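Please walk me through this protein. Begin with its parts, then look at how they pack.

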Amino acid sequence: MTKGILNPDFIFESSWEVCNKVGGIYTVLSTRAKTLQDIMKDRIVFIGPDCWGDKKCPYFSEDESLFPDWKDETMKDGLKVKTGRWNVPGNPIAILVDFAPFYEKKDEIYTWLWENYQVDSLHAYGDYDEASMFSYAAGLVVESFYKKYLDKGKKVIYHGNEWMTGLGVLYINKVLPEVGTIFTTHATSIGRSIAGNNKPLYDYLFAYNGDQMSWELNMQSKHSIEKQTAMHVDCFTTVSDITANECKELLDKPVDVVLPNGFDNSFVPKGATFTKKRKAARKRLLEVANALLGTDLDDDTLIISTSGRYEFRNKGVDVYIEAMNRLLRDRDLKKKVLAFIEVPGWVGEPRTDLVERLKSGKKFNTPLEVPEITHWLHNMSHDNVLGMLKFLDMHNHADDNVKLIFLPCYLTGDDGVLNLPYYDLVLGNDLCIYPSYYEPWGYTPLEAIAFKVPCITTDLAGFGLWANTEKGGYSEIEDGVKVIHRTDYNYSEVADTIKDTVAHFSGMSAAEVKKCRANAEKLSKKALWSEFVKYYEQAYDIALRKAEERKL
């Protein structure tokens, strides 16, 4: 830890995604865990929801020898917890808390929240109650653990991630004023909703009123807890400069520190293992494509992909498809292109006809029916990707130089078709494309370059802005990352720039590609958690100083 600043003796950190793999925040916390664990040595405890009951959580190893006397006390107090380790590098201590018993006290808890912090829970729906009961339970865990093992002589931090932890952070703020509180919003609920509802976010950001928009978009309760937590914590943070601006405009609260998302590259294979895995990934992707399409695409094919959550506009899936459609007619394209869309949809089952072809090991010269998708969906006629492909008449015709395939499932290694986990597949790409419209940070491009895959992203992604800052100007594909300028209204120009960049990349020499891949990897090393942990130290210092003032 850095000298001259206040360093915590103990850290609690909570998130709905601790030992619960839902989205990008799982990646943030699980990759950062080792860096903090190396510094804090079991003086950091992660708190997550016990969503598993009697079933075994695959991300958590229970260890009943951890804090047994405290666990006995919590049981008597009606707090049911599991103690153990998070199965990620560093194996930090994790506590999973059962939040179900608190539903019966919901009205009482929300009344307390209104009386103390004017949080509007009246308009709650969907996941608000679930998140709030977890958050409250997490707050009780911190309070109980603190009283058992810690005291006012210790410098303690409680760090909550996303609006889902707001209630617990505010609870600790009230009942344990000697604990420094930090709140990180990874994306404002209102900003994401404005973008997701096809409203222009950036040109009008200065004119939007967050409270008013929360009524218009039926987001009052989520916005309220997020805003009040931001207002009352000791240190309010977010993950990029672009989201910091959003916080200032929509939550009426500037952030105290920006905490960019880093990466832990300890699981990126090295040397001969990397080469072997890259070959295996390419072989499998080509096998699946050839079986589906009835083609004979070889290893000289340019393999590209986009991936992430199924946010059709926000993640730029729409503009990616548009770019591939334009690439079909591009005369500068020097190679055949195999393009994948790896976003989990409402997946039904693997295609038996495709699985049978793969098992046969034979070559086929006719495509399967609907040769654009590897798994059947429950909503084939109402899916955005398939709908756009149909509208553009993109059906992977035999003479098309660009073939586009939708892989609509979580790539966990057991999808029934590819059967390789995402990290074993991503390194098989030649190029990855993430043309996001709304992207507070952007893990997918950072993951890609860590695996030596050059990528295309935009300056509306926090990662894209960071890459430009490192370059000192707009980063180009030769630098490892091509950053495209994106606005509310330049969709067509973005599609053209993607098309042109892919065509340009297809004509690069082997030496140029090698240098490009090396630059991608070099840039990724500047975003390791060991480089970014200093920003967390600033946040801890700010929160602890405010807590110290309250002790006086």
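Which helices are among what covers the buried residues of H6? They include helix H7 (210–216), helix H8 (220–232) and helix H9 (241–250). Before going further, note that this is a predicted model, where local features need pLDDT of at least 70, side-chain atom pairs count only at pLDDT 80 or more, and totals for chains, interfaces and linings use all residues. Residues are numbered from 1 along each chain as its sequence is written, and side-chain values use heavy atoms, with hydrogens and water left out.

Stay with helix H6 for a moment. It spans residues 189–196. Six of its eight residues are buried, so the rest of the structure largely encloses this helix. Buried means under 20% relative accessible area, exposed means over 50%, and partly exposed lies in between (1.4 Å probe, protein chains only). The buried residues of H6 are Ser189, Ile190, Gly191, Ser193, Ile194 and Ala195. Just after H6, asparagine 198 takes a positive phi of about 60 degrees.

Now step back to the whole chain. The protein has 19 helices and 17 strands. Helices (H or I, at least four residues) and strands (E, at least two) are DSSP runs, numbered from the N terminus. The radius of gyration is 24 Å, close to the 24 Å that the globule rule gives for 552 residues, so the protein is as compact as a globular protein of that length. This radius is taken over C-alpha atoms, and the rule is 2.2 Å times the number of residues to the power 0.38. Along the principal axes, the C-alpha atoms fill a box of roughly 75 × 50 × 45 Å. Of the 552 residues, 60% count as buried.

Contacts tell you about the fold too. Contact means heavy atoms within 4.5 Å. Among contacts between residues at least 6 apart in sequence, 73% join residues at least 24 apart.

Cysteine 19 gives a local view. It is found in the loop between strand E1 (10–14) and helix H1 (24–40). At 0% relative accessibility, cysteine 19 counts as buried. Leaving out residues up to four places away in sequence, cysteine 19 touches Tyr26, Trp52, Cys57, Tyr59, Phe60, Trp86, Ala94 and Leu96.

Next come the aromatic rings. A pair of aromatic rings is described by the distance of the centres and the angle of the planes. Rings of Phe, Tyr and Trp (its six-membered ring) pair if their centres lie within 6.5 Å; planes under 30 degrees apart count as stacked, over 60 as edge-to-face and the rest as tilted. By this rule the count comes to 38 aromatic pairs. One of them joins phenylalanine 67 and tyrosine 149: it is tilted, at 5.6 Å centre to centre and 50 degrees between the planes. This pair links distant parts of the chain, 82 residues apart. Phenylalanine 67 sits in the loop between strand E3 (60–62) and helix H2 (68–76), while tyrosine 149 is in helix H4 (residues 128–149).

Are these two residues buried or partly exposed? Phenylalanine 67 is buried, with a relative accessible area of 17%. Tyrosine 149 counts as partly exposed, at 31%.

Another pair is edge-to-face: tyrosine 136 and tyrosine 171, at 5.5 Å centre to centre and 75 degrees between the planes. Tyrosine 136 lies in helix H4 and tyrosine 171 in helix H5 (residues 166–175), 35 residues apart. Both tyrosine 136 and tyrosine 171 are buried. Finally, ring pairs link Phe10, Phe12, Phe67, Trp70, Phe145 and Tyr149 into a cluster.
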